[in-house]
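I opened the model to see how it is put together.

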Amino acid sequence: MSATLRLEDMNRSTRHELTPTECTEDRARLGFVMHLKRGLGALGQTRLRALVSARSDEDLPSQSVTADILGQSTAFAAWSSLNRGSQRRMWIALADMVDRQLPALESQAAKLDGREKRGSLRLVPDVELPGYLLETAFHGQPGGYVDTRDERDIRAGLLQEAGGTVYTRGAGTGRKDSKAQAVVRYLDANFPDLRPRRVLDLGCGFGGQTCGYALAYPDAETYGIDLGEAQLRYGHLRAESLGIALHLRQADACAPGFPDGHFDLIISNILLHEVPTASMREIMRQCHRLLAPGGVVIHQDVPTQVDAMPGFARHMALWQTAHNDEPFWTDFAESSVTDALAEAGFNSDAVFEAYVPQVDGPLTWYFVGARH
Ligand SMILES: C[S@@+](CC[C@H](N)C(=O)[O-])C[C@H]1O[C@@H](n2cnc3c(N)ncnc32)[C@H](O)[C@@H]1O
């Protein structure tokens with residue numbers, strides 16, 4: 001375990017030996033995208049909201065009224081196209097930056113791979129990939145999460161980390177506070193007696209948050225599972241570069257393996273809105289199976305489920321389904337994770353759900369989970 005790093009050092013500015021270098025041209029192109037995204041975010045929240053209020057008879061226009069008004073608005077059509085276009089420009093700029101440096105970064109990865117390891121990586125050559133992961137380039141990431149070209153490939157991980165950084169900064173959010181920090185803060189406040197010996201991060205991607213959990217619980221063994229081979233390879237070497245021991249496994253969150261009761265803490269960050277509802281329910285059953293008595297499961301995700309969410313906010317949130325390669329966003333908003341937890345076997349009294357304001361941004365964290 002790194003002697004010096006702390007949970008709060010794991011954020012969108014964390015650098016390591018696989019961080020790509022930004023040249024002047026990259027900075028200019030990514031700066032353009034970030035400013036465009038911020039401007040569009042502000043325009044959506046001010047001008048489009050005002051337009052809906054001005055044309056509606058209702059004090060708080062419902063989602064269907066919002067959809068009708070915005071559907072006829074050229075301002076909304078322009079906003080929507082620019083929003084989609086900004087995402088496309090972001091990936092083109094990032095793919096250019098990463099691909100130009102890929103041979104050098106792969107050599108650097110090979111060097112890291114040759115060093116003594118703190119953690120471990122287990123890939124499964126014939127792993128079964130669900131159709132939705134093969135067919136969807138979630139939020140436009142080139143090649144999607146599971147794109148893997150050869151046995152040295154780290155590109156999907158590089159893109160996921162770089163994309164997340166530009167995306168969150170473009171939204172003006174999360175510059176200091178990470179998803180892992182928010183989860184650990186919630187757990188400390190609500191389950192102060194929790195002392196996990198084994199932690200599992202479901203759908204860990206490149207392991208950015210998983211590193212945070214390893215630092216927050218230094219006495220625990222920290223595992224992460226995902227299906228993307230190149231992401232996991234990158235995540236493993238990234239963690240090694242940071243001196244953090246992660247145990248990454250290529251596995252489906254619906255069939256994660258591991259013995260019953262193996263973990264005291266199971267977490268997912270923004271996984272659930274990217275899986276079909278049937279998979280979300282199976283994941284809850286697996287969490288129930290894998291948790292030791294007294295253990296806690298907590299999922300953090302997009303806060304689209306609030307029944308009382310104003311129609312305008314809900315309509316804007318669900319824009320993602322139609323325009324940002326997020327096929328399950330609406331299904332997730334309309335399903336109940338608390339019910340799924342209870343159906344999976346958790347005692348309803350031990351199920352929790354919370355909406356917590358972000359400390360360094362305009363968004364709200366959605367937490368849902370249970371104690372075994
Ligand atoms: C939005 S990303 C979140 C990554 C990471 N948790 C984070 O917050 O940075 C969703 C991740 O879930 C993974 N994923 C989707 N379906 C999965 C499944 N059935 N089993 C395991 N991982 C899955 C994807 O490969 C992707 O890396």
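Core first. I am working from a predicted model. I looked up the largest nonpolar core and found 55 residues in it. Cys 211 and Ile 266 touch the most other members.

I then followed Ile 266 and set aside its neighbours within four places in sequence. Its remaining contacts are Leu 200, Leu 202, Cys 287, Leu 290, Leu 291 and Val 297.

Burial next. For the protein chain of 372 residues, I get 41% buried.

Domains. I noted two in the protein chain. Domain 1 comes in two pieces, 19-116 and 151-169. Domain 2 runs 174-371. I took the distance between their C-alpha centres and got 22 Å. In the contact between them I find 28 residues from domain 1 and 23 residues from domain 2.

Which elements give two or more residues to the side of domain 1 that touches domain 2? I listed helix H1 (24-55), helix H2 (63-71), helix H3 (74-114) and helix H5 (155-170). H5 gives the largest share, eight residues. I also sorted this side of domain 1 by class. It has 11 nonpolar, nine polar and eight charged residues.

Ligand. How many residues surround the ligand? I find 23. The closest are Tyr 145, Gly 203, Gly 205, Ala 253 and Asn 269. I checked which elements supply at least two residues of the shell. Helix H7 (208-216) and strand E3 (221-226) each do. By class, I have 11 nonpolar, eight polar and four charged residues in the shell.

Whole chain last. I went through the secondary structure and found 13 helices and eight strands. Along the principal axes, the C-alpha atoms fill a box of roughly 65 × 55 × 40 Å. I compared the radius of gyration with the rule for a compact globule. The rule puts a globule of 372 residues near 21 Å, and the protein chain has 21 Å, so the two agree.

How values were computed:
Residues numbered from 1 in each chain as written. Predicted model: local features only at pLDDT ≥ 70, side-chain atom pairs only at ≥ 80, totals over all residues. Near = placed C-beta within 6 Å. Helix = DSSP H or I, 4+ residues; strand = E, 2+ residues; numbered from the N terminus. Nonpolar A, V, L, I, M, F, W, Y, C, P; charged D, E, K, R; others polar. Domains from an automatic or database assignment. Contact = placed C-beta atoms within 7 Å. Core = buried A, V, L, I, M, F, W, Y, C linked by C-beta atoms within 7 Å. Buried ≥ 20, exposed ≤ 12 C-beta atoms within 10 Å, placed from the backbone. Rg over C-alpha atoms; globule rule 2.2 N^0.38 Å.
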